[in-house]
Amino acid sequence: MMVNVLVLDDDFFVGQIHARYVDEVPGFTALEPVRDLRTARDVIAENDVDLLLVDYVLPEGTGVDLVRETDIDAIVLSAVTDPQVVRSSLRAGALTYIVKPFAAEVLQNFLRRYARYRRYWEREKVGQADLERQLRNLHDAAAVGGTGASPAGSSTTTRILTALEEASGPMTALEVAEAVGASRATAQRHLAKLAEARTITVSLQYGNTGRPEHLYATR
């Protein structure tokens, strides 16, 4: 059964990127992303929505406001890292809180685990041991067995993001490649995708001679 996902993000471009991440996971389909709470409520009233992906900060409130008022599973995707905001989001009913920027694999691997979590509730009875295992697996980044996907923590994209976050300043593609143990071409391919998704910034460094060099950094 297809899981219908509604993305709520006031940045149109970011909403489209997250919807694309969803559509790449078998068994999931993203509805047209929305940018405000009123439109989100209208879509929920008119469509079968199984899962919400909501930003925290919105012009007229927060995505958690929508989580509180609906009986729909939800994930918060936000750049806000205040522990109290994260805790309040989970307390309001969010399944998890994913900090922006993030690699596609982080969200997609959680969706794969969520698909197994949803299937668990089709049974007639709940067993304590099974329930604890399901809850543990839902939040275990390594629990992606049977999907053919690598854990997010071992992906090249995630290693690149970690290298950029830990760097003292912007890095060149060659420096990124050396930091993650990949070829320059591979690093450039992943960096281009991250830049397209606005997960990282790209600037130019002009030297005395030759072409300007691209510098990459996290937002």
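**View 1. Surroundings of histidine 214.** Leaving aside neighbours within four places in sequence, histidine 214 is in contact (heavy atoms within 4.5 Å) with Met171, Thr172, Ala173, Val202, Ser203 and Leu204. The model is predicted: local features need pLDDT of at least 70, side-chain atom pairs count only at pLDDT 80 or more, and totals for chains, interfaces and linings use all residues. Residues are numbered from 1 along each chain as its sequence is written, and side-chain values use heavy atoms, with hydrogens and water left out. Histidine 214 lies in strand S9; strands (E, at least two residues) and helices (H or I, at least four) are DSSP runs numbered from the N terminus. Its relative accessible area of 40% makes histidine 214 partly exposed, a class between buried (under 20%) and exposed (over 50%), with a 1.4 Å probe and protein chains only.

**View 2. Helix H7 and its cover.** In helix H7 (residues 156-166), the buried residues are Thr156, Thr157, Thr158, Ile160, Leu161, Ala163 and Leu164. Their cover includes helices H5 (104-120), H8 (173-180) and H9 (184-196), together with strands S8 (200-205) and S9 (213-218).

**View 3. Packing of helices H1 and H5.** Helix H1 (residues 12-23) packs against H5 at an angle of about 45°, the axes being 9 Å apart; axes are lines fitted to C-alpha atoms over the stretch in contact, and angles run from 0 to 180 degrees between N-to-C directions. From H1, His18, Tyr21 and Val22 make the contact, and from H5, Ala104, Leu107, Gln108 and Leu111.

**View 4. Confidence along the chain.** The average pLDDT (the predictor's confidence in each residue, from 0 to 100) is 86, and 91% of the residues score at least 70. Over residues 144-154 the pLDDT is below 50, and this stretch has 21 contacts in the model beyond near neighbours in sequence.
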